[in-house]
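Please open the structure in your viewer and keep the selection panel at hand. The stops below say what to select next and what is there.

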Amino acid sequence: MTPLSSGSAIVDVSNFDLNQSSWHCDQLERGKVLLFSHMPFEFPEIDREFLLSQKQTGSRFHKNISYRPAKDLLKGVDDDSPDRERMITIMRNFSRSVTAFISQFLAPYAGKMKLDFASFRPLEEQGRDLPLHKRNDLLHVDAFPSRPTHGARILRVFANINPSVGRVWNVGEPFHEFLPKLMQVKRIGPSSSGLGRALAHVASKIGLPVPDRSPYDEFMLYLHDWLKENNDFQRNSPKQELVFPPGSAWMVYTDGVPHAAMSGQYALEQTFIIPREALVTPQVAPYRVLEDGNYVPRIRAAG
């Protein structure tokens with residue numbers, strides 16, 4: 001495993017100081033993974049025990065149990081399940097607890113960030129039989145096909161509720177380091193048309209369920225798949241193994257850090273979308289790297 005040239009990818013912030021919230025944001029935006037040895041937000045033991053007792057019964061199309069805070073909607077649990085109401089209450093409270101903590105810990109984002117989906121991941125990651133582009137054990141950066149961000153960033157907060165087993169990741173170099181080097185060797189990118197984007201934008205504006213993707217979104221979706229497909233990148237790119245102990249929590253910009261979940265079972269996750277104007281170190285954001293390198297046109301504002 002080739003080590004990362006920029007040193008360790010992880011920063012232990014267990015003894016955090018809320019007065020350093022701008023520094024926390026900066027470290028995240030530069031591609032660091034912030035680790036808490038214990039969950040820094042409220043999560044009752046009785047809820048953890050309930051989640052550990054659950055066996056997912058959904059189809060192969062559902063990797064996780066997901067919760068959509070904006071609609072108070074739970075996916076991945078049968079409508080007639082006797083545990084459905086308990087599950088949605090736990091996920092609702094988890095989402096609110098994490099959001100309250102992030103609003104203080106990452107104060108520059110408060111009032112600007114958008115609350116996205118939360119999930120419970122009860123399955124063991126190691127050895128899962130998934131299609132190539134859905135595999136979690138291959139290095140990739142995140143991009144959402146149905147929820148384009150137009151350059152806003154994807155921040156995810158994880159908690160390992162497994163009482164005895166760590167969750168193992170591999171992480172690579174941050175976007176602003178690996179992407180320019182990759183483009184020097186092989187200029188990659190999608191081949192979609194501007195006309196297609198224009199039609200999608202119009203369709204989205206009139207209420208049709210068509211994602212209104214910018215050139216940035218198309219590039220990031222392409223990159224997500226390309227990284228998973230590329231054996232040389234998977235084998236030879238610099239990476240570091242991280243082990244998240246039982247009871248720990250961590251956060252990372254998953255659009256800017258190639259990551260792969262190698263093993264682990266029973267994790268919770270909450271996603272936030274951080275707009276460009278809230279970033280404290282925008283020069284290293286993926287959208288700026290792509291614009292400055294002329295890999296995508298300058299991104300128009302969403303809306």
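**A tour of strands and rings**

Begin with strand β4 (residues 73-75) and β3, which pair in the antiparallel sense over 3 bridges. This is a predicted model, and the tour returns to its confidence values at the end. Within this pairing, select Arg68 and you will find Leu73 in β4 as its bridge partner. The two strands β3 and β4 form a hairpin with 4 residues between them, and Asp72 in the turn has a positive phi of about 50°.

Now extend the selection to strand β5 (residues 114-121), which pairs with strand β3 (residues 65-68) in the antiparallel sense over 3 bridges. Here Ser66 stands opposite Ser119 in β5.

Next, select Arg147 together with Phe117 and Phe144. Arg147 lies over the face of Phe117, at 3.9 Å from the ring centre, and the charged end of Arg147 also sits over the ring of Phe144, 4.2 Å from its centre.

For another edge-to-face pair, select Phe175 and Phe178, where the rings are 5.5 Å apart centre to centre with 70° between the planes. Both residues lie in helix α4 (residues 175-185), 3 residues apart, about one turn of the helix. Phe175 counts as buried at 2% relative accessibility, and Phe178 counts as buried at 5%.

To see how ring pairs join up, select Phe16, Phe36, Phe41, Phe43, Phe94, Phe101 and Phe105, which they link into a cluster.

Finally, colour the chain by pLDDT, which averages 90, with 89% of the residues scoring at least 70. Over residues 57-62 the pLDDT is below 50, and this stretch has 4 contacts in the model beyond near neighbours in sequence.

Methods. Residues numbered from 1 in each chain as written. Predicted model: local features only at pLDDT ≥ 70, side-chain atom pairs only at ≥ 80, totals over all residues. Heavy atoms only, no water. pLDDT = per-residue confidence, 0-100. Contact = heavy atoms within 4.5 Å. Phe/Tyr/Trp six-rings, centres within 6.5 Å; stacked < 30°, edge-to-face > 60°. Buried < 20%, exposed > 50% of the residue type's maximum accessible area, 1.4 Å probe, protein only. Lys NZ or Arg CZ within 6 Å of the ring centre and 35° of its normal. Pairing = 2+ DSSP bridges.
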